[in-house]
Structures are given as C-alpha cells and as structure tokens.
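Subject: Structure handover

Hello,

Here is the structure I said I would pass on. My notes on the helix packing and the core follow below it.

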Amino acid sequence: MSLRTAFIRLPTSKVYTMAHPRMLSVQGGSAVRKLQQVMEEYRMQNYSQEMPSRFKKEVVRAAKSTEMETVPLEGLERVLHNIGAAHKISPEDLQVIFSELGEGGGIPADRMVTII
C-alpha cells in the first residue's frame with residue numbers, strides 16, 4: 001500500500017496567505033496586489049541575489065521609524081518614492097491598504113513583511 005500525497009495549487013498572490021485575521025475588500029485586495037507587484041519588480045531588478053525575506057525586512061526597516069514597530073503610511077510612501085515607484089501605485093490604493101490593515105495609524109512591521 002503506497003502513501004499518496006495530494007498537492008493543492010494555490011494562486012500565486014500572497015493576499016490569500018497573509019497571516020492576519022482580517023479579510024480584505026475587493027478594492028483592498030487589488031491594492032495589496034499592486035503593492036506586491038511593485039515590490040517584486042523592484043526586488044527582481046535590484047535584490048535578485050538576496051533572499052526575498054531579507055528584501056522585505058529591509059523595506060520594512062526603511063519604512064518604519066526607529067522608535068516604532070509599525071510602518072506609517074508616510075514611511076511606505078517615502079520608500080516607494082526612493083525606489084522610483086511612487087507613480088506605480090496610487091495614494092488612494094495605499095490609503096485603502098492602511099485603512100483595512102492598519103492599527104493606530106500604521107501597519108505592524110511583522111504584518112507588513114507578510115503583505116509585501
């Protein structure tokens with residue numbers, strides 16, 4: 001008797017694998033996917049030799065202020081501007097992401113790592 005393992009293919013979008021209890025609206029899911037695409041494009045061009053997790057941690061470290069463990073909207077906007085990607089995702093999309101996933105004006109750093 002052989003042991004068979006079934007594999008289930010999931011969509012490549014990380015929206016479905018984020019480790020938080022909140023569900024996203026359609027607009028929120030779309031905004032997160034845009035952010036993921038922008039970050040993945042930048043990572044492939046500039047961090048292709050690094051592990052994706054290292055890249056994500058560096059982005060979050062650059063976006064958050066040193067005293068806080070949350071990423072403020074302004075911090076993520078600053079990172080997007082610095083990498084030349086501010087025009088690729090609208091301020092409205094960023095606002096939707098922060099309104100749906102944020103807590104007290106920012107997104108916790110560990111959650112932001114799972115988002116991007």
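This is a predicted model: local features need pLDDT of at least 70, side-chain atom pairs count only at pLDDT 80 or more; totals for chains, interfaces and linings use all residues.

On the H2 side the residues involved are Val59, Ala62 and Ala63, which meet Gly75, Leu76, Arg78 and Val79 of H3. Sorted by class, this contact of H2 with H3 has five nonpolar residues, one polar and one charged.

Overall layout

The protein has five helices and two strands, and along the sequence they follow the pattern α-α-β-α-α-β-α. Of its 116 residues, 39% are buried. If you take the contacts between residues at least 6 apart in sequence, 58% of them join residues at least 24 apart.

H3 with its other partners

H3 (residues 73-82) also packs against H1 (residues 26-46), at an angle of about 40° and with the axes 11 Å apart. H1 passes H3 in a left-handed crossing. Leu35, Val38 and Met39 of H1 make this contact with Leu76, Val79 and Leu80 of H3. The contact of H1 with H3 has six nonpolar residues, with no polar and no charged ones.

With H4, the axis of H3 comes within 11 Å and crosses at roughly 140°, and the crossing is right-handed. Leu73, Leu76, Glu77 and Leu80 of H3 take part, together with Leu94, Gln95 and Phe98 of H4. By class, the contact of H3 with H4 has five nonpolar residues, one polar and one charged.

Nonpolar side chains tend to be buried together in soluble globular proteins. In this model the largest nonpolar core has 25 residues, and those touching the most other members are Leu35, Met39, Leu76, Leu80, Ile97, Phe98 and Met112. Each of H1, H2 (52-63), H3, H4 (91-101) and H5 (109-115) supplies at least two residues of this core. H1 gives the largest share, five residues.

H4 in detail

Which residues of H4 are buried? They are Asp93, Leu94, Val96, Ile97, Phe98, Glu100 and Leu101. The elements covering these buried residues include H1, strand E1 (70-72), H3, strand E2 (106-108) and H5. For Ile97, setting aside neighbours within four places in sequence, the contacts are Ala31, Val32, Leu35, Ile89, Gly102 and Ile107.

Pro91 also lies in H4. Is Pro91 buried or exposed? Pro91 counts as exposed because its relative accessibility is 52%, and the cut-off for exposed is over 50%. Pro91 and Glu77 are 14 residues apart in sequence, and their C-alpha atoms are 8.2 Å apart in space.

Regards

Terms used. Residues are numbered from 1 along each chain as its sequence is written. Side-chain values use heavy atoms; hydrogens and water are left out. Axes are lines fitted to C-alpha atoms, for helices over the stretch in contact, and angles run from 0 to 180 degrees between N-to-C directions. Helices (H or I, at least four residues) and strands (E, at least two) are DSSP runs, numbered from the N terminus. A crossing is left-handed if the near helix is turned anticlockwise from the far one by less than a right angle, and right-handed if clockwise. Contact means heavy atoms within 4.5 Å. Ala, Val, Leu, Ile, Met, Phe, Trp, Tyr, Cys and Pro count as nonpolar, Asp, Glu, Lys and Arg as charged, and the others, Gly among them, as polar. A nonpolar core is a set of buried Ala, Val, Leu, Ile, Met, Phe, Trp, Tyr and Cys residues joined through side-chain atoms within 4.5 Å. Buried means under 20% relative accessible area, exposed over 50%, partly exposed in between (1.4 Å probe, protein chains only).
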